[in-house]
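Here is a short report for a reader new to this structure. Please look through the sequence and the model before reading on.

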Amino acid sequence: MAQALESAEILDAPFAYSSNGDAFLEHDRTGTSGIVTREIPLDQFPTPSELWARYCKAKDWTDSQQKVNTRDYYDDGSRKTPRYYQHIAINRTVEAIARGENRVLLVMATGTGKTYTAFQIIWRLWKAGAKKRILFLVDRNILADQTKTNDFKPFGQAMTKISNRTVDKSFEIYLCLYQAVTGTEEDQNIYKQFSPDFFDLVIVDECHRGSAADDARWRQVLEYFNPATQIGLTATPKETREVSNIEYFGDPIYMYSLRQGIADGFLAPYKVVRIGLDKDLDGWRPENGQRDKYGQVIEDREYNDRDFDRDLILERRTAVVAAKVTEFLRATNRFAKTIIFCENIDHAERMRQAMVNANPDLAAANSKYVMRITGDNDEGKAQLDNFIDPESTYPVIACTSRLMSTGVDAQTCHLIVLDKIINSPAEFKQIIGRGTRINEDYNKFFFTIMDFRRATAQFADPDFDGPPVQVYEPGPDDPPIPPDEPPTESPTGGESPESLLSPDSGPGGDGGPHPRTRYYVDNVPVRVVMERVQFLDEYGKLITESLTDYTRKAVHKNYASLGDFLDTWNAAARKQAIVELLAGQGIFLDELAEQVGRDYDPFDLVCHVAFDQPPLTRRERADGVRKQNVFGKYGAKARTVLEALLQKYADSGIASVESMEILKVDPLRAFGTPVEIVKLFGGRDNYLAAIREMEAVLYAA
């Protein structure tokens, strides 16, 4: 029952059951029946209609509320249905709105389908007639376009995107970039062409926003449409002493975290490569009277990683970072989509040049191999769609500063490079979210974070993946948002004025009220002094010990001795199931193979690392099977199939042998269809028995 209740809580299921074979035990989580737990005879298990009646009674829905809450999801015939956590988010939101709540906050990790969830919420409310005119607000033009052409496409002719600062009131679903309807002057507030009660529902995507000034402009729109029901969507709720999502929307009605998404297999896990550069760790101080490459006398003080690429540019440092990134790509995949986050636009351009110099062959073959994609660069922004398109090879490497930190659905991003100081947990989560998408069609199951600025130390924050805690508590006379912080992005989706600094800005940098001088130093050597690889354990925490030590401890948690492990392995009908179980417990067999040897089976990796057994390669194990003439009792064609499967094991491991899909590829498909191949053994059961017999001999040593 404890296990059933745990699952019921995760799935938001109202009833949980367990059985000992003689009766059922029921736990009623609605708390309205008066009897929480009861025993039920085996022949009296409640029917679905009985449970539904009890559920509706517990909810105490009116007829109109039941009509809204039972409205079907959108179904395009493809059998795509919401994932379990999306079901919960949609159902809770629709139910809250049906009972009259007007402010709802949903917190869902980046990559878990917030826009699809929003679409289903709108669809059900719209089709039920509960909400007839809806405004969906976003902060990036690309988000509005992606939403219109992808998740919101079923709305068809009922939908429009507000553009060119013009308003047409004949539609029902409106998509809008908030900058398109707001401005610094009153006559630029296009949203006021609508009456305050025009919209029944307003949904704010990425409602955490980037700065107080941006928040203030969001708030203007929301307060104007105050009569409407409003839903805030975010992966990173903003809770500071100045700004609070909770203060406006209330506590989240549902949360789905990054950790849970990775544990469930919906988000890609990651490893972290931390690289320490000597000047970052030790600092650098110029010699007395030392000048930079432009002849400016460098201010005499100690500079550290918080100064580099802002006040002081060590050009060899940029080259070292580019070299390490290139080294990683050469060792893995030089065409793996990569985002390098830099301090500002100037830094992003210098990084682009350094990456081109580090990859002269591929950069010469295609000029779009490395691109700067920043708010001020039209050519780069024009390539953003190609970068996020899984079918487009180029660009491969994107150098950016802020433009790609939110809202960019980079499904095949394999590498995120952090070469900027990140103080904001919200920004850090958003950046990490660029890599968390899984795309099975393109073999994207995990990603790597390469950190040059110790930004990943934020993973150690106990609140990193926890519930938001309200900090801001406004007083009776306090304004809702302080209006004096500069915006982080321009109305075109670009970057902050601070990020636009360049060598041509003059002694005052951006020419603003706080001038800054930048120094460019090209003759100071920089070297790597520390490199550490870390992995995510089963609890979502970074492992700080060696991978082999961690693996040994993790295996011993489940198997007290080699005998225990061997008994479990030999008893398993599918050996791959044990491999998947170990992976789910944070044991990284692929990474372990990189250290121990790529030619070893997971079985040998575990036996060697955890129990100090001498490993055999897959080829050695396959040769052992051949020597014992295991296949002699089968017919000639069946023996040839088993020989081919044994060779597949030697080449790629046990997972391929245990998959029926292997029968569809060369050389096995030459023997016929999977059905025809199975018939060579007298049926599916006999075929699987032959596989198990082969495995028994494979792992006998």
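In which strand does valine 529 lie? Valine 529 lies in strand β19 (residues 528-535).

## About the model

This is a predicted model: local features need pLDDT of at least 70, side-chain atom pairs count only at pLDDT 80 or more, and totals for chains, interfaces and linings use all residues. Residues are numbered from 1 along each chain as its sequence is written, and side-chain values use heavy atoms, with hydrogens and water left out.

## The chain as a whole

The protein chain holds 27 helices and 19 strands. Both are DSSP runs, numbered from the N terminus: helices are H or I with at least four residues, strands E with at least two.

Of its 701 residues, 50% count as buried. Buried means under 20% relative accessible area, exposed over 50%, and partly exposed in between, with a 1.4 Å probe and protein chains only. The chain exposes about 32,500 Å². Carbon and sulfur atoms supply 48% of that area. Accessible areas come from the Shrake-Rupley method with a 1.4 Å probe; for residues, only the protein chains shown count as cover.

Contacts can also be sorted by distance along the sequence. Among contacts with a separation of 6 or more, 70% are between residues 24 or more positions apart. A contact means heavy atoms within 4.5 Å.

## A surface patch

Valine 529 is partly exposed, at 39% relative accessible area. Together with Leu281 and Met530, Val529 forms a nonpolar patch on the surface. The three share about 230 Å² of accessible area. Patches are made of residues with over 30% relative accessible area and no salt bridge; like charges are joined within 9 Å, nonpolar side chains (Val, Leu, Ile, Met, Phe, Trp, Tyr) within 5 Å.

## An enclosed strand

Strand β4 covers residues 103-108. Five of its six residues are buried, so β4 is largely enclosed by the rest of the structure.

Which strands pair with β4? Strand β9 (residues 229-234) runs parallel to β4, joined by five bridges. Strand β10 (residues 254-256) is also parallel to β4, with three bridges. Two strands pair if DSSP finds at least two bridges between them. Valine 107 has partners in both: threonine 234 in β9 and methionine 255 in β10.

## Salt bridges

Side chains of opposite charge can pair when their charged atoms come close. A search of the whole structure finds 40 salt bridges. Each is a side-chain nitrogen of Lys or Arg within 4 Å of a carboxyl oxygen of Asp or Glu. One network of them links Asp280, Asp309, Arg310, Arg317, Glu343, Asp346, Arg350, Asp419, Arg453 and Arg518.

Arginine 54 meets glutamate 26 at 3.0 Å, N to O. This pair links distant parts of the chain, 28 residues apart: arginine 54 is in helix α2 (residues 48-59) and glutamate 26 in strand β2 (residues 23-28). Arginine 54 is partly exposed at 25%, whereas glutamate 26 is buried at 1%.

Arginine 372 and glutamate 349 form a salt bridge at 2.8 Å, N to O. Arginine 372 lies in strand β14 (residues 370-372) and glutamate 349 in helix α13 (residues 345-358), so the pair ties together parts 23 residues apart in sequence. Arginine 372 is buried, at 13%. Aspartate 604 bridges to arginine 621, with the closest N and O atoms 2.6 Å apart. Here helix α22 (residues 602-611) is linked to helix α23 (residues 618-627). Aspartate 604 is buried at 3%, and arginine 621 is buried at 5%.
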